[in-house]
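Colleague: Walk me through this model, one feature at a time. Where do we start?

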Amino acid sequence: MTPHAELDQALSRLEATLRSVDMWNTPHPQAEAFNSREPFCVDTMELPQWLRYVFIARLQALVDAKGPMPATCDVAPAAEAYLQNARPSTRRLVVEAVAEVDRIVTEA
């Protein structure tokens, strides 16, 4: 399986995970929120918004274009920090799904 196909599957699993823990149905950020210069747009978006509208969207566009992968990807620690007070099962599911995407991008 190509890295792009593997990433496509991992992004689908991440979306399914976010849906299963009720983190997918989040409002679309205002246009100016995307102009943030902060990592993960922490000053303009909640992490679920960033995952859906930035992280997944940009990586899916990369998959669709079969574009070059970023050199590294390390989003799982941010997800873990954001979910520190969430149910342990929710935290585990989301962090594992994000870590899988991190791994595929970094190893490609």
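Modeller: With the labels. Helices are DSSP runs of H or I with at least four residues, strands are E runs of at least two, and both are numbered from the N terminus. Residue numbers start from 1 along each chain as its sequence is written, and this is a predicted model in which local features need pLDDT of at least 70, side-chain atom pairs count only at pLDDT 80 or more, and totals for chains, interfaces and linings use all residues. Side-chain values rest on heavy atoms, without hydrogens or water.

Colleague: Which helix gives the most to the lining of the largest pocket?

Modeller: Pocket first: on a 1 Å grid over the protein atoms alone, it is an open set of points where a 1.4 Å probe fits, with protein on both sides within 12 Å along at least five of seven lines; lining residues have an atom within 4 Å of a point. Here, helix α2 (residues 47–65) leads the lining, with five residues. The lining has 16 residues in total, and W50, V54, F55, R58 and V75 lie nearest the pocket centre.

Colleague: How much space lies in this pocket?

Modeller: Volume is the space filled by probe spheres set on the grid points, joined across faces, edges and corners. For the largest pocket that comes to about 250 Å³.

Colleague: W50 is among the residues nearest the pocket centre. Is W50 buried or exposed?

Modeller: Buried means under 20% relative accessible area, exposed over 50%, partly exposed in between (1.4 Å probe, protein chains only). W50 has 9%, so W50 is buried. This tryptophan is found in helix α2.

Colleague: What does W50 touch, leaving out residues up to four places away in sequence?

Modeller: Contact means heavy atoms within 4.5 Å. On that count, W50 touches F40, C41, M45, F55 and V75. Of these partners, F55 and V75 are also among the residues nearest the pocket centre. A C-alpha distance is another way to read the fold: W50 and F34 are 16 residues apart along the chain, and their C-alpha atoms are separated by 9.0 Å.

Colleague: Take L47 next. Where is L47 found?

Modeller: L47 is in helix α2. Its relative accessible area is 7%, so L47 is buried. Beyond residues up to four places away in sequence, L47 touches A78, A79 and Y82.

Colleague: Which residues touch the most other members of the largest nonpolar core?

Modeller: Such a core is a set of buried Ala, Val, Leu, Ile, Met, Phe, Trp, Tyr and Cys residues joined through side-chain atoms within 4.5 Å. The largest one holds 33 residues, and L7, W50, F55 and V101 touch the most other members. Each of α1, α2, α3 (76–82) and α4 supplies at least two residues of this core. Helix α2 gives the most, with nine residues. For a view from L7, set aside its neighbours within four places in sequence: L7 is in contact with L59, L62, V63, M69, V101, I104 and V105.

Colleague: And T90? Is T90 buried or exposed?

Modeller: T90 is buried, because its relative accessible area is 13%. T90 lies in helix α4. Leaving out residues up to four places away in sequence, T90 touches V21 and M23.

Colleague: Now charges. How many salt bridges does a search of the whole structure find?

Modeller: Side chains of opposite charge can pair when their charged atoms come close. A salt bridge is a side-chain nitrogen of Lys or Arg within 4 Å of a carboxyl oxygen of Asp or Glu. The search finds five. One of them joins E6 and R103, with the closest N and O atoms 3.1 Å apart. The pair links distant parts of the chain, 97 residues apart: E6 is in helix α1 (residues 3–20), R103 in helix α4 (residues 88–107). E6 is partly exposed, at 26% relative accessibility, and R103 is partly exposed too, at 35%.

Colleague: Which helices does the bridge between R13 and E100 link?

Modeller: The closest N and O atoms of R13 and E100 are 2.4 Å apart. This pair also links distant parts of the chain, with R13 in helix α1 and E100 in helix α4, 87 residues apart. R13 has a relative accessible area of 37% and counts as partly exposed. E100, at 22%, is also partly exposed.

Colleague: How many residues apart are E96 and R92?

Modeller: They are four residues apart in helix α4, about one turn of the helix. E96 is partly exposed at 47%, and R92 is partly exposed at 45%. Elsewhere, salt bridges that share partners join E6, R103 and E107 into one network.
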